[in-house]
Amino acid sequence: MSAGAAEMDLAAALRDAGVVPVVTLTRPEQAVPVAEALLAGGLACVEITFRSDAAPAAIEAIRARVPSLLVGAGTILTVAQADTAMAAGASFLVAPGFNPAVVDHVLDRGIPMLPGVCTPSEIEQALARGLELVKFFPAAAMGGVAFLRALAGPYPMLRYVPTGGITPENAVEYLALRSVVAVGGTWLTTQDVVAAGEWATITGLAADAAAMVRRARDGAAPRPRDVRQPG
Ligand code: 3PG
């Protein structure tokens with residue numbers, strides 16, 4: 001079962017956002033204010049992790065009340081969690097590793113999935129299923145930008161969402177790579193900020209992240225005034 005059009009749509013949406021906030025909520029009631037705060041800052045997607053029981057209800061609440069935010073489910077380790085996430089309405093699923101049973105189960109249902117990879121062998125498991133968009137985790141610990149540059153030779157078709165150790169400071173380096181559609185991270189929605197209900201802080205961090213994405217992309221592409229005209 002290949003990933004196909006759904007994967008391409010997801011890649012385009014994630015590229016538009018540039019940053020995927022990774023959020024663990026302890027209570028489903030936190031979901032809508034977090035989603036609205038991210039959207040107000042200019043980020044149109046979120047990954048709600050299955051590290052807490054609040055995840056399915058949080059995803060349902062965001063789908064119902066903040067429909068313009070693209071909501072994915074993260075830390076999907078089992079087929080049962082995948083089923084729960086899809087039933088809750090997650091638009092895409094994310095995992096830290098490559099579990100073939102989970103990946104095949106999700107792709108068979110036509111939902112895009114970003115399994116985690118950090119070796120060429122895992123990348124080839126993804127390619128064998130027609131998947132060209134994956135999570136690179138844990139990005140910083142596994143060699144970061146240098147690792148992705150080295151992979152571009154044998155795997156020019158691969159696209160990544162690096163996550164794990166991404167900060168506002170190092171995100172620009174990742175986003176400058178052609179192979180990176182977006183970076184993921186918890187820095188916008190830390191447990192302390194969410195627990196304290198500091199929604200304005202999240203909006204400010206999201207706005208900073210959105211501005212950083214624009215800067216990174218402007219830096220990567222030649223600006224019109226830098227392009228030499230022939231003759
Ligand atoms: C993830 O699940 O993707 C990571 O836990 C995020 O890592 P970070 O906390 O380093 O951003």
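Is Glu-29 buried or exposed? I began my notes with this residue, keeping in mind that the model is predicted. I found Glu-29 to be exposed, because its relative accessible area is 53% and the cut-off for that word is over 50%.

**Entry on charged pairs.** I searched the whole structure for salt bridges and found two. One of them joins the side chains of Glu-29 and Arg-27, with 3.3 Å from N to O.

Asp-104 is partly exposed, with a relative accessible area of 30%, whereas Arg-129 is buried, with a relative accessible area of 17%. I reminded myself that side chains of opposite charge can pair when their charged atoms come close.

**Entry on cysteines.** I looked for disulfides and the structure holds zero. I also checked how accessible two cysteines are: Cys-45 counts as buried at 1% relative accessibility, and Cys-118 is buried as well, with a relative accessible area of 17%.

**Entry on the nonpolar cores.** Which residues touch the most other members of the largest nonpolar core? I found that, of its 69 residues, these are Val-19, Ile-48, Ile-62, Leu-93 and Val-183. Helix 10, which spans residues 199-220, gives the most to this core, with seven residues. I also recorded a second, separate core of 13 residues, which includes Leu-10, Ala-17, Val-20 and Val-161.

I next followed Val-183 and left aside its neighbours within four places in sequence. Its contacts are then Gly-18, Val-19, Val-20, Val-161, Pro-162, Ile-166, Ala-171, Tyr-174 and Leu-175. Among these contacts is Val-19, which is also named with Val-183 in the largest core, while Val-20 and Val-161, two further contacts of Val-183, are members of the second core.

**Entry on Ser-179.** Where does Ser-179 sit? I located Ser-179 in the loop between helix 8 (171-175) and strand 9 (183-185). Although it is a loop residue, Ser-179 counts as buried, because its relative accessibility is 11% and the cut-off for buried is under 20%. Leaving aside neighbours within four places in sequence, I found Ser-179 in contact with Leu-158, Arg-159 and Tyr-160.

How values were computed:
Residues numbered from 1 in each chain as written. Predicted model: local features only at pLDDT ≥ 70, side-chain atom pairs only at ≥ 80, totals over all residues. Heavy atoms only, no water. Core = buried A, V, L, I, M, F, W, Y, C linked by side-chain atoms within 4.5 Å. Buried < 20%, exposed > 50% of the residue type's maximum accessible area, 1.4 Å probe, protein only. Helix = DSSP H or I, 4+ residues; strand = E, 2+ residues; numbered from the N terminus. Contact = heavy atoms within 4.5 Å. Disulfide = S-S within 2.5 Å. Salt bridge = Lys/Arg side-chain N within 4 Å of Asp/Glu carboxyl O.
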